[in-house]
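Me: Could you take a close look at one part of this structure for me? I would like to follow the sheet and the packing around it, step by step.

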Amino acid sequence: MAQTRHVTSTGHQLSDAAFLDLHFEVNRQEYTQLVKDAGFEPGWQVLDAGCGAGSFLPLIHDQIGPEGKLSAIDLAPENVETTRERVERWGLSNVVEIREASVFNLPFDENTFDAVWCANVSQYLTDDEFDRTLQEFVRVTRPEGLIAIKETSGTFSVFQPAPPAAKQLLIAAAARDGGISAAGVLRDWKFHQLLKRAGLVDVHQQTILAELRAPLNDLEHLGMSKTLSMHAELASELTLPAEYRDFWEKQRDPESSESILNRPDFYFAEGLTLATGRVPVR
């Protein structure tokens, strides 16, 4: 399972560098726009909380400029090592500090940062853990500083042609059977409420669609091949109506003539949600 689900040493699925890199490149245009929309300012000190393989660091650096500073943490030691190597290669080692740490216990003093960026991490947290994480972000961010949460939206995710709401039903079934990650991508609709509950002000939320249509380029085809295969494997472990089990079984082999990936009308959309808020003056 570790190979097909891209599990890191921490046990988190879809979080190793190979998968994160592929997913980032397929969605680079949308991710670049969301980082711009977050509202980082030149000269800021920013924390990337749960940096994965570090792909967002150059985008954030573009926004804060040469006078800005970046810190990054991740729970998986292999991701921390990968990020360190990449930061050195990108020529950013003088402006980026990287540590192995948990979002539950950030190794920073109060009011250290002007902003916190947290992308694709909340899906791995329970509701209580997400609340606890937000409080840690508030603690390390200065008054009037920015907290930005970016997450995949299971609410706005679809494959076509497929039975009605095939993706949503799969996610719901996985969440029902105890999959925290599945439940986590269904939480995005209430980010606005959760950030306000954490005491943040000037809360704003937006969701954009990352869309792919046939014909796909090589990178898109590879990304969708892995995604469909993983969805098919997950479906085989869940209780689903026969029509849906049959559909997902046909997606197990993306090279099969029965896979929707080889249809001229193939379509995929994934919601990408960004929620931001400001730390109130204390």
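Reply: Happy to! Please keep in mind that this is a predicted model.

Seven strands form an open sheet with mixed pairing, in the order 3-2-1-4-5-7-6. Strand 3 (96-100) and strand 6 are the edge strands, each pairing on one side only. From one strand to the next, the twist averages 15°.

Now to strand 1 (residues 45-49). On one side, strand 1 pairs with strand 4 (residues 113-119) in the parallel sense, over three bridges; here Val46 has Ala115 as its bridge partner. Strand 1 also pairs with strand 2, again in the parallel sense, over five bridges, and there Val46 stands opposite Leu70.

Strand 2 continues the pattern. Its pairing with strand 3 is parallel and runs over five bridges, with Ile98 of strand 3 as the bridge partner of Ala72. A right-handed β-α-β unit is made here too, from strand 2, helix 5 and strand 3. Helix 5 packs on the sheet, where it touches strand 2 (69-74) and strand 3, and its direction makes about 165° with that of strand 3. Strand 2 is largely enclosed by the rest of the structure, because five of its six residues are buried.

Elsewhere on the sheet, helix 7 (residues 166-176) lies across strand 5 (141-160) and strand 7, at about 115° to strand 5.

Back to helix 4 (residues 56-64), whose buried residues are Phe56, Leu57, Leu59, Ile60, His61 and Ile64. After this helix comes Gly65, with a positive phi near 75°.

Leaving aside residues up to four places away in sequence, Phe56 touches Phe24, Tyr31, Val35, Asp48, Trp117 and Ala119. Phe56 also belongs to one aromatic cluster with Phe24, Tyr31, Phe40 and Trp117. Phe24 is one of the buried residues of helix 2 (residues 17-26), along with Ala17, Phe19, Leu22, His23 and Val26. The partners of these buried residues include helix 3 (28-38), helix 4 and helix 5 (77-90), as well as strand 6 (201-213).

Finally, the aromatic pairs, of which the structure holds 10. Phe108 and Phe113 form an edge-to-face pair, 4.9 Å centre to centre with 80° between the planes, and both residues are buried. The rings of Phe159 and Phe268 have centres 4.7 Å apart and planes at 35°, so this pair is tilted. Since Phe159 lies in strand 5 and Phe268 in strand 7, the pair ties together parts that are 109 residues apart in sequence. Phe159 and Phe268 are both buried.

Key: Residues are numbered from 1 along each chain as its sequence is written. This is a predicted model: local features need pLDDT of at least 70, side-chain atom pairs count only at pLDDT 80 or more; totals for chains, interfaces and linings use all residues. Side-chain values use heavy atoms; hydrogens and water are left out. Buried means under 20% relative accessible area, exposed over 50%, partly exposed in between (1.4 Å probe, protein chains only). Helices (H or I, at least four residues) and strands (E, at least two) are DSSP runs, numbered from the N terminus. Contact means heavy atoms within 4.5 Å. Two strands pair if DSSP finds at least two bridges between them. Axes are lines fitted to C-alpha atoms, for helices over the stretch in contact, and angles run from 0 to 180 degrees between N-to-C directions. A crossover is right-handed if, with the strands pointing away from the viewer, the path from the first strand over the helix to the second runs clockwise. Rings of Phe, Tyr and Trp (its six-membered ring) pair if their centres lie within 6.5 Å; planes under 30 degrees apart count as stacked, over 60 as edge-to-face and the rest as tilted.
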